[in-house]
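Student: I am new to this structure and would be grateful for a close look at a single part of it. Please describe how that part is connected to its surroundings.

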Amino acid sequence: MLAAIGAIIGRDVRLALRHGLDSLLAVVFFILACVLFPFGVGPAPETLARIAAGVLWVAALLAALLSLERLFQADYEDGSLDLLALGRAPLAAIAAAKIAAHWLTTAVPLIAAAPVLALILHLPPAAFGALVLALVLGTPSLSLIGGVGAALVLGSRRGGVLLALLVLPLYIPVLIFGVAAVGASQIGLAVQPHLFMLAALLLVALVLAPWAAGAALRQALE
Amino acid sequence: MTVSSLAALPGLQPEARAVFADAVFTGAGLACERGGRRVFHGLSFHVCAGEALVLVGRNGSGKSSLLRLMAGLSRPAQGALTWNDGDIADDREAHHGRLHLIGHQDAIKPALTVRENLGFWARYRGGPGAPARIADALRAFALERLADLPARYLSQGQRRRLSLCRLLASPAQLWLLDEPRSGLDRAASESLDAVLARHRAAGGMAVVVLHGDDHPPAARVLDFDVSGTGARTDPC
């Protein structure tokens with residue numbers, strides 16, 4: 001089963017690299033959304049520094065959502081999902097593998113771009129560490145929760161809008177603790193409690209999301 | 001299909017092929033519903049090792065639905081499918097491991113090369129000797145010269161041949177083929193006949209949806225258009 005999971009992750013990462021532009025779309029959106037704020041609220045460093053954490057997190061969350069709709073859709077449309085379901089791996093493992101590939105190809109570039117954007121938004125350099133750590137712990141939860149949504153809307157028309165309505169409310173806890181971690185480090189408070197909460201959310205998502213996504217995929221196949 | 005044309009087909013050396021155990025795949029009293037409408041009912045079939053079952057019938061009579069039931073992708077509204085007296089729903093993963101399904105959709109990723117597409121499914125399904133099997137499969141359907149071409153440049157018939165290559169890239173006893181000849185030229189169609197004959201000689205089974213009269217030799221036929229209690233085949 002591990003070989004099957006590895007094969008799926010390897011294929012999806014390779015596909016993302018071949019479709020270079022499609023994969024870059026999320027990170028380009030992330031950069032543009034963040035760069036718009038200095039134009040919108042003015043270039044005053046204090047104002048920007050105060051909203052930087054929230055802006056970065058909301059933009060990252062929306063960027064992750066952009067690419068989620070295609071997570072299972074392409075495999076569903078070309079019949080690959082049928083054949084994946086006919087392999088040795090249970091559907092929950094298939095969902096987990098595809099979600100892992102989504103995180104690798106979407107969230108990792110976002111995390112890499114975040115410090116540069118933090119610089120533009122005048123986030124104090126002391127908070128960069130907290131930002132990156134919070135993103136590393138928070139974005140897998142975004143991919144996992146989004147994976148359940150993507151599996152649920154599979155085969156429906158206007159799936160993208162439905163997916164946003166379904167998933168965005170569930171992103172709120174990750175958003176709260178992600179922003180709080182950066183905020184705490186900005187005013188010199190302990191960052192750890194917020195990071196632990198993000199880690200706890202991730203553990204819950206890791207246990208529940210693949211199973212729920214697998215059940216939703218079974219529904220879509222029948 | 002003559003013996004000489006079988007031998008002329010490279011990549012199908014008998015010693016390289018798995019020989020499958022004796023088995024029987026049956027369905028009894030099957031009913032299928034799609035979207036609340038009853039597609040067929042009272043359908044029964046038997047397939048034994050080395051046999052081919054041909055499904056014929058008008059459009060929409062449920063041939064493709066039956067293939068999905070046989071694959072365990074959906075459940076019958078009534079009746080049961082058994083493999084050697086064990087219900088396939090009891091151990092879905094074991095059943096999946098012994099079958100290949102070639103449906104209408106070809107599951108080909110345009111951005112990957114022919115070899116990468118096939119290699120992924122071989123790796124995903126597992127089984128011994130994957131590189132050699134992939135090379136054999138590409139040779140059997142005359143795709144070895146296109147092996148490093150991105151699949152987006154393939155014609156319809158070439159995509160079909162690439163789908164059929166999956167049959168040989170990893171071993172499975174039960175082949176479920178939905179109109180495998182659609183889009184194939186004569187040479188490819190003959191390759192398919194040869195591959196099917198070799199599969200059956202090794203104890204494999206095939207269930208094939210066909211529209212023409214070009215049936216494999218000595219195949220059982222399950223006709224979906226018979227009226228009354230439903231289509232059925234004789235027991236083995």
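Tutor: Let us begin with one pair of residues: Ala31(B) stands opposite Gln78(B), which belongs to strand 4 of chain B. The model is a predicted one. The pair lies where strand 1 and strand 4 (residues 78-83) of chain B run antiparallel, joined by five bridges.

Strand 1, residues 24-34 of chain B, also pairs with strand 2 of chain B, again in the antiparallel sense, over eight bridges. Within that pairing, Thr26(B) has His46(B) of strand 2 as its bridge partner. Strands 1 and 2 of chain B form a hairpin with two residues between the strands, and there Gly35(B) takes a positive phi near 60 degrees.

Strand 2 of chain B covers residues 37-48 and includes Gly42(B). Gly42(B) counts as partly exposed because it has 15 C-beta neighbours inside 10 Å, whereas a buried residue would need 20 or more. From Gly42(B) to Arg166(B) the separation is 124 residues in sequence and 32 Å in space, C-alpha to C-alpha.

The hairpin of strands 4 and 5 of chain B has two residues between the strands, and Asn84(B) takes a positive phi near 50 degrees in it.

Of its 236 residues, 42% count as buried.

Terms used
Residues numbered from 1 in each chain as written. Chains lettered and ligands numbered in written order. Predicted model: local features only at pLDDT ≥ 70, side-chain atom pairs only at ≥ 80, totals over all residues. Helix = DSSP H or I, 4+ residues; strand = E, 2+ residues; numbered from the N terminus. Buried ≥ 20, exposed ≤ 12 C-beta atoms within 10 Å, placed from the backbone. Pairing = 2+ DSSP bridges.
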